Amino acid sequence: MPPGPTGLSAVSVTGGSSSINHTPFSISTWSFSMPVPFTTRRRDVLQATAIGVAVLASGCAAIGTGAKPRVVVVGGGWGGLGAVRGLLAAGGADVTLVEPNEGFMSCPLSAHFIAGHQPASDFQRSYARIDQLGARRVRERVTAIDRAKREVVTATQRLPYDFLVLSPGVEYMEDGIQGYAEARAQLPVGFRAFEQIAVRRQVDEFLAKGGNFVISAPKPPYRCPPAPYERAFLIAEQMKQRGTKGKIILIDANPNPMPLPIAKPILNGMKSLYASQIEYMPDTAITAVDMGKRQLATSAGDVPFAHANLILPMRAPAMIRQAGLGERWANVKLPSFQSQADERIYVIGDSQGSPLPKSGHVAFGSGQQVAEAITDRIAGKTPAAATGAVELPLGICWANVTHKDAININVSSSVAPGEAPKLKFTVDPEHNARSGAAATSWGNGMWKAMLG
Ligand SMILES: Cc1cc2nc3c(=O)[nH]c(=O)nc-3n(C[C@H](O)[C@H](O)[C@H](O)COP(=O)(O)OP(=O)(O)OC[C@H]3O[C@@H](n4cnc5c(N)ncnc54)[C@H](O)[C@@H]3O)c2cc1C
């Protein structure tokens with residue numbers, strides 16, 4: 001791969017690339033692009049029409065009553081917070097955020113906590129800013145969506161909506177590994193907020209006692225494909241520093257590390273830095289777990305373990321399927337992220353099933369974009385039909401190879417009417433300290449945009 005203009009290498013995945021026009025987002029050590037926050041891009045293709053106003057007015061319970069239309073956002077993670085911040089900034093809606101957790105914890109960069117390099121508090125933030133800005137926060141879990149009545153259902157209440165934004169993230173698919181459901185409490189996955197704390201306990205025990213630590217990677221699509229390798233690297237780095245006796249067995253369902261454009265730098269990092277700590281088993285399926293024997297059955301034979309962090313295949317949470325919005329993932333229209341089944345519902349972040357990467361940056365950008373679209377609909381503006389390719393939210397991902405060095409992955413994408421989205425990957429050819437520092441700055445910038 002030839003290095004690109006920034007030292008990164010560009011790889012087109014499904015064809016040509018789009019012309020990208022991102023707003024610069026400045027950070028202290030480096031600068032990168034962030035999806036246009038809320039204002040210009042889609043407004044260019046929107047226009048007010050009298051018909052649009054009339055159609056929307058008839059469907060919005062609050063219009064004409066003096067009250068603002070109700071927008072319910074499910075999930076206070078990366079996507080949900082992008083939508084909430086955009087909606088609150090625009091001021092046209094009565095915004096309710098439904099989120100069971102009392103605070104936010106980031107999955108991006110949390111490998112630094114799991115491996116013991118940083119405290120959990122570095123990755124946690126309060127929802128106080130959302131409260132101050134005027135959102136109503138319901139600290140409950142959504143159990144169902146009543147599309148006929150336009151209500152979101154929790155254990156204690158029904159919340160009416162005019163527009164619904166769903167960003168509840170992912171659910172693990174336990175069925176593929178026999179015995180996993182019974183062993184769930186002992187085998188935390190740690191790919192959702194706050195679950196990292198249970199994984200950290202296992203890592204601490206492993207680093208103190210040694211033995212076999214199994215980490216697995218499923219077949220895509222799953223949340224943040226480089227994350228299983230990054231986790232293995234940062235734990236292996238600690239093994240070296242602490243002299244832990246044992247090894248990490250990285251069981252990969254794929255023939256190469258994912259995503260493919262960074263397979264080479266991932267393999268290089270593994271070989272050059274952790275040849276004595278990591279045993280890599282590519283193309284290997286885990287079929288069963290026996291916690292009594294502490295043994296995994298795999299397509300390459302039995303693997304004994306002292307500790308295991310099995311990263312399971314993923315899908316959208318059950319509420320999406322039960323509401324008829326899709327099977328494994330929610331079916332959405334692009335570029336709008338509107339549900340294919342219901343024009344009042346938008347599904348963003350990892351729950352939606354477009355080919356965009358399952359990344360927090362995409363989730364936040366799509367949340368902001370959807371907030372803008374809803375604001376326009378409330379104002380009676382209807383989108384003009386796109387005539388050419390439209391850019392989609394940018395993806396930015398980091399795979400730390402040491403706690404200081406990372407591989408940067410940028411994914412730009414666009415969609416033209418009637419065509420599949422086109423994705424273009426731009427990646428670091430090798431891990432480096434500049435991307436390591438940029439990852440930290442990126443995280444701080446994103447958390448500030450969400451909750452600062
Ligand atoms: C280890 C790791 C590293 C990563 N690194 C990067 C990276 O470098 N860059 C990047 O861009 N992305 C990264 N990601 C991916 C990123 O975390 C996800 O893509 C992002 O969190 C998706 O946002 P979301 O809003 O869909 O889901 P989430 O951020 O998970 O938010 C979902 C929210 O919904 C809530 N929820 C769930 N069910 C319900 C319910 N029934 N009712 C109400 N609320 C509910 C949850 O409590 C949660 O707060 C990483 C992920 C992992 C696991």
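Predicted model: local features only at pLDDT ≥ 70, side-chain atom pairs only at ≥ 80, totals over all residues.
Local features need pLDDT of at least 70, side-chain atom pairs count only at pLDDT 80 or more, and totals for chains, interfaces and linings use all residues. Residues are numbered from 1 along each chain as its sequence is written, and side-chain values use heavy atoms, without hydrogens and water.

The ligand is surrounded by 34 residues, counted when a heavy atom lies within 4 Å of it. The closest are Glu-99, Val-142, Ser-167, Arg-223 and Gly-360. By class, the shell holds 17 nonpolar, eleven polar and six charged residues; Gly counts as polar. Domain 1 (9-100 + 140-169 + 316-451) and domain 2 (173-314) each give at least three shell residues. These bounds come from an automatic or database domain assignment. Helix 3 (78-90), helix 11 (360-378) and strand 27 (390-400) each supply at least two. Helices (H or I, at least four residues) and strands (E, at least two) are DSSP runs, numbered from the N terminus.

Polar contacts are pairs of N or O atoms within 3.5 Å. A backbone N or O atom of His-361 lies 2.9 Å from a ligand oxygen atom. A polar backbone atom of Trp-78 is 3.1 Å from an oxygen atom of the ligand. The side chain of Arg-141 places an N or O atom 3.3 Å from a ligand nitrogen atom. Taken alone, the ligand exposes 1,000 Å², and the protein buries 94% of that (Shrake-Rupley method, 1.4 Å probe).

Elsewhere, three strands form an open antiparallel sheet in the order 18-19-20. Pairing requires at least two DSSP bridges. Strand 18 and strand 19 (residues 295-298) share four bridges; Ala-288 is partnered with Ala-297 in strand 19.

Methods:
Polar contact = N/O pair within 3.5 Å; in protein donor to acceptor, adjacent residues only side chain to side chain.
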